[in-house]
Amino acid sequence: MTATVLDERLSTLRDAAREWGAEFRAAGAGLDLDPDAVGEHLGLAGVRALAAMLVPEEYGGAGLHLGAHRFHGMTAIERAVVLEELARGDAGLMLAGPGASMSGVLVDVLADRLQKEWFYGRLLERPTWTFFALTEPDRGSDATALETALSPSSEGGAHRLDGRKKYVGNAARAALGVVFARTGPGPLGVTAVLVDTADPGFHAEPLETLGLRAARICELTLENVAVPAERVLGRDRSPARRGMWACVQTFNRLRPGVAAIAVGIAAAAHDYVRTERDRLGHAERDRLDLLGRRIDGVRHLVQLSAIEVDADGSRGHLASAAKAEACRLAEEATLEACGFFGPRARWDHPVLDKLARDARGVEFMEGAGNIQKLTVFQGLVAGKIGRGDPFPAHGGKTLTGGSSCR
Amino acid sequence: MTTISPPITATWLRCHDTARAEGMAPALAVLHAALPAGTSVFGAGGAAVRPAGPADRDGDVLVVRTAQLPGGAVVLVRTHRPASHPDPILTTGSVWLRLGLSGALLDTGLAYLGGRRSGDTTLLRRQMVQGAVAEALTGQLEVRAFLTAHDPAPPPEALSYLHRRLTETDRVLLRLLGAAGFTRGGAGEVADVSELLAGAYTPEAVA
């Protein structure tokens, strides 16, 4: 049995998610060719699990029942466990499923009761996709530099939202989501709003991407979109507790999940070599074993970073390290796997070809590797990482959670 | 052979912390003190790294190198005594020790880079340098995560990987030190001896 930082409860979740992920493999290949066919896969256990995650019990979420355990996906460690295994099946389909997804983390951090009732209520009506719009064409995912504007209405009614967003997954099939916008200059001028995609002025156009095609990554145009005051997230808080603070808290909690997806892609490449390449020579076995060790090591780091961020949402430097390393691993592992099948591996093995393309898609997700490294460095010089026990929450055995991540 | 049990974790941490704060020789002393009486400090290939001392003059021990390192001198020694599997305290402990040394190398690197001018700023303010520092720290965190997940001891077949990861990490930091990491007696030599320490205690079958 492979060592793990997971307890029995989380191991149960991992084992179930591994079975769900196995079903994703065949479906994912088809979606790579026809992303709009995602609706045909809503009955898969993994897709239903994703839809059940990030909806708290107090808002009607049924959660996942596995033996004596119940999961709502409210903690970063639960999400990391599930996302890795589903991405190990197919990262594209994993990202293409309906559910609260990334928006759900922000809503959990920042929304008030009425906003949560609206958001979760919509999700519980039917399989509903959401989107999370931060990145802008000219500004990337630097929240401090965004330009999309949220302006008060001249008549005193709803706010107006104007701007462009890019690289937003599922936006063209989503019914609702969150948009980051600016109400004024500086970090206190950053805010986030809930948006109904049926509202006039909202337009999402899918982009043709190299990988993760099932996720239908889109460009958004927001032209005078009406945003009622009650859809402004954190409206009951001071600007200091809703703008960049909320961004940081949210991204810290999202980062282990993105890292876990990358680990899942790497593990899928490793799995493929193990199952499809027979008669490995001694040196090849050593190479494959080495890759397996590296995947194990990064997985441990990712899961421990999730446990730490669950214990303290401001402790995200570890997750930055994990994310940067996991994404590099995904690229290296998929290329390494190709090396076991010769120079035409990607021509002859569609699975490897897809994995190599998908791996590139996680590198920039939620901040590119070089940006994550700068965050790690800042944490080091600030004394928040690199000294003492890097995993105090795990050492204190406060890992498993199960309630809201706040 | 010693069986590793959970209380040994305190020894690992002491070994790690001593290596980072005081240096290789004191950390080796901590590690060797944890061995059952009479246990050989030699690895399977008959190689060992130990604090310099009277035992260097044992008749069947050949000192192949003496390194004057921060914290005290260490000797690299070989013996022709029949090889045996090194004690697991040595094999796992050497990973923790090297992780502590790698942390000390990071500390040294930060001090060096913070004081070294480059144009109108310091090397430490260069983003490429910051990225490399982060990469090295991440390598250390990955090794620590592996050891944490496999507490109290990783499987023998994983030791080679962990040592290799530490060597890669140290090399990233050494490149930041430039020629300052190439002189004897300093951080560069600690890293060099650390690599040789890995070679001494990595189990032969998986080396």
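User: Is Met74(A) buried or exposed, and why?

Analyst: The idea is a neighbour count: a residue is buried if 20 or more other C-beta atoms lie within 10 Å of its own, exposed if 12 or fewer, and partly exposed in between, with C-beta atoms placed from the backbone. Met74(A) counts as buried because it has 26 C-beta neighbours inside 10 Å. Before going on, note that this is a predicted model, where local features need pLDDT of at least 70, side-chain atom pairs count only at pLDDT 80 or more, and totals for chains, interfaces and linings use all residues. Residues are numbered from 1 along each chain as its sequence is written, while chains are lettered from A and ligands numbered from 1 in the order in which they are written.

User: Where does Met74(A) sit?

Analyst: Helices (H or I, at least four residues) and strands (E, at least two) are DSSP runs, numbered from the N terminus. Met74(A) is in the loop between strand 2 (69-71) and helix 3 (76-96) of chain A. Its C-alpha atom is 8.8 Å from that of Gly104(A), 30 residues apart along the chain.

User: How many helices and strands does chain A have, and what does its radius of gyration say?

Analyst: Chain A has 12 helices and nine strands. The radius of gyration is taken over C-alpha atoms, and the globule rule is 2.2 Å times the number of residues to the power 0.38. For 406 residues, a compact globule would come out near 22 Å, and the 21 Å of chain A agrees. The C-alpha atoms fill a box of roughly 75 × 50 × 45 Å along the principal axes, and 56% of the residues in chain A are buried.

User: Which residues of the largest nonpolar core touch the most other members?

Analyst: A nonpolar core is a set of buried Ala, Val, Leu, Ile, Met, Phe, Trp, Tyr and Cys residues joined through C-beta atoms within 7 Å. The largest one has 193 residues, and Val193(A), Ala262(A), Val263(A) and Ile265(A) touch the most other members. Helix 6 (residues 244-276) of chain A gives the most to this core, 18 residues. For contacts, the test is whether the C-beta atoms of two residues, placed from the backbone, lie within 7 Å. Leaving aside neighbours within four places in sequence, Ala262(A) is in contact with Ala326(A), Cys327(A), Leu329(A), Ala330(A) and Val362(A).

User: What pattern does chain B follow, and which residues of its helix 2 are buried?

Analyst: Along the sequence, chain B reads α-α-β-β-β-α-β-β-α-α-α. As a general idea, an α-helix has 3.6 residues a turn, so residues three or four places apart point the same way. In helix 2 (residues 24-33) of chain B, the buried residues are Met24(B), Ala25(B), Ala27(B), Leu28(B), Val30(B) and Leu31(B). Among the elements covering them are helix 1 (8-21), strand 1 (47-51) and helix 3 (88-115) of chain B.

User: How many residues of chain B are in contact with chain A?

Analyst: 20 residues of chain B are in contact with 25 residues of chain A. On the chain B side, helix 4 (127-149) and helix 5 (156-177) each give two or more residues, with helix 4 of chain B giving the most, 15 residues. Sorting by type, Ala, Val, Leu, Ile, Met, Phe, Trp, Tyr, Cys and Pro count as nonpolar, Asp, Glu, Lys and Arg as charged, and the others, Gly among them, as polar. That side of chain B divides into 10 nonpolar, six polar and four charged residues.

User: Where in chain A is the pLDDT below 50?

Analyst: pLDDT is the predictor's confidence in each residue, from 0 to 100. Chain A averages 92, and 97% of the residues score at least 70. Over residues 399-406 of chain A the pLDDT is below 50, and beyond near neighbours in sequence this stretch has 27 contacts in the model.
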